[in-house]
Amino acid sequence: MNGLGRSALLFGFTAAIWFIDDASCYVQEHNFTVPIRSRINKITPLFGLDKGGLVKVDMEVAAVGWPRKPPPPWLNIYLVFFNLQQWYEYDLRSFIPSNDYTYACQNDDLECVSLCSLPSVRRFQVWGSPHLTSRKTSVEFETNERTEYTIALLTCAASAHDDTINVEMLVEMLNPGNQHLSVEQIPLQGMYWTLVTAYLLLLVAAVYCLRNGFNGLLLHKLLVGAMCIKLLELVCNLVYYRNLAITGEDVTALFQGTKFGSICADAAFLGMLLLMSLGYTITRESLSRRERQLFWGFFSLYGLFGLLHSVCTSPIYCQGFLLAFYVVKFLITFCIIVAMNANIERLRVGNLDLPRPFTPTQLYLKLLIFHNIRWAFFAVLIFPILLMFVEVAVLSWEQSWVGPLLQELLYLCVFLLIAHTLRLHKPPPDADAAEEEPLTGAGGAAEEGGGER
């Protein structure tokens, strides 16, 4: 398998990993209807709470129908608080209700009935003897261990009963210091503040160089544009997590803004690499009509499918949009690999028509640009695979924030590498370069190659 095939295979495996920062705070209202046979109903996702964290629950249960009536008197309902170890040791995931006819708790057996007596961190009976007087319950308590927790609702009755109940619930989980973020998400605020500052400093340096007549203006505008969009993505993430930490409210507009910002930043980054790999402003000043059509076509589809996947709610459509998104991303990546390797080889052997004469030093610098871009692109491709193994084998749940940090540091290092390669800071004048004899494209480069052979 040649280098192109290996690169394509590598991307095919990497495409299976799509890193999206999930929100991790909990202040949420619930209103749902469940059958009594479901036995166990998970209310909240696993949420990291420190020692001394606060849990508040206000809930009301009623029989289905209007006007609202109390649940049947023979039904016992429990609000249960499990920690991470209990959730996995009891294998409670296998008892989450589903439409599968093989679901264990559709029938009355001892295993399902025993769910109602499993040990837990906290357990509150919200309906059933002797608590038949009120349908409303308020619960508040503090945690005594630093770990992840989840809340579940247990309905305990013989499976011969096929009744359903309605539950209205307000759940709030707070870490010490009135912190709404989960333990493993708290460092993200400081991380995004630091990254925003770093990109601002880098952009200030880039704009200063551009305003001082730096050569290769179009090439540097590509880099500055990609960094600006990346900065906007980081600002969106910072605003989103800052709002979560203060209010605990998962604002849909802010969350969609982070997803849209991620799509735009990735598109700008890939677009910059594709234009550079095509030699735009490096070996030629413009693209052909067909190249422009393919470029805008690819990235229009990339943005469209990415946006549709970010806002869709139907699992079937979401899978289709995600598949189309990855197909377009694979095609863009394939084009980058082909164009970059082709330009490197043509520059190396001198089989490239250059628009104006270049000295040997200038040709060497162009080759250096392509080589460094290729290494940066290879790092972006392989890093998600390495990060997956690190998250599974090295990092604990409390250190999951390290994954996004390493990913953002990778992109920052890639921008710095490309900026250094393109001489983002104004290089000192080279007096010797003016004395070199210019080469006229293919002929001169071929003679140099022949001399080396």
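Q: A helix here is a DSSP run of H or I that spans at least four residues; in this predicted model, which helix holds Ala265?
A: Ala265 belongs to helix α6, which covers residues 252-277.

Q: Why is Ala265 called buried?
A: The relative accessible area of Ala265 is 6%. Buried means under 20%, so Ala265 is buried.

Q: What is Ala265 in contact with, leaving aside its neighbours within four places in sequence?
A: Ala265 contacts Ile229, Lys230 and Glu233, where a contact requires heavy atoms within 4.5 Å. For Glu233, which is 32 residues apart from Ala265 along the chain, the C-alpha separation is 6.5 Å.

Q: What makes His30 count as buried?
A: His30 has a relative accessibility of 14%. The limit for buried is under 20%, and therefore His30 counts as buried. This residue is found in strand β1, residues 26-35. Not counting residues up to four places away in sequence, His30 touches Ile43, Val167, Glu168, Met169 and Val171.

Q: Why is Leu323 called exposed?
A: Leu323 shows a relative accessible area of 59%. Exposed means over 50%, so Leu323 is exposed. Leu323 lies in helix α8, residues 315-349.

Q: What is the phi of Asn178, which is not a glycine?
A: The phi of Asn178 is positive, at about 60°. Asn178 sits in the loop that runs between β9 (164-174) and α4 (188-211).

Q: How confident is the predictor, in mean pLDDT, about the protein chain?
A: The mean pLDDT is 77, and 76% of the residues reach 70 or more. Over residues 424-453, however, the pLDDT is below 50, and this stretch has 41 contacts in the model beyond near neighbours in sequence. Residues 98-104 also stay under 50, with 11 contacts beyond four places in sequence.

Q: How many helices and strands does the protein chain contain, and what share of its residues count as buried?
A: The chain has 12 helices and nine strands. Of its 453 residues, 45% count as buried. Among contacts between residues at least 6 apart in sequence, 82% join residues at least 24 apart. The chain exposes about 23200 Å², of which carbon and sulfur atoms supply 60%.

Terms used
Residues are numbered from 1 along each chain as its sequence is written. This is a predicted model: local features need pLDDT of at least 70, side-chain atom pairs count only at pLDDT 80 or more; totals for chains, interfaces and linings use all residues. Side-chain values use heavy atoms; hydrogens and water are left out. Helices (H or I, at least four residues) and strands (E, at least two) are DSSP runs, numbered from the N terminus. Buried means under 20% relative accessible area, exposed over 50%, partly exposed in between (1.4 Å probe, protein chains only). pLDDT is the predictor's confidence in each residue, from 0 to 100. Accessible areas come from the Shrake-Rupley method with a 1.4 Å probe; for residues, only the protein chains shown count as cover.
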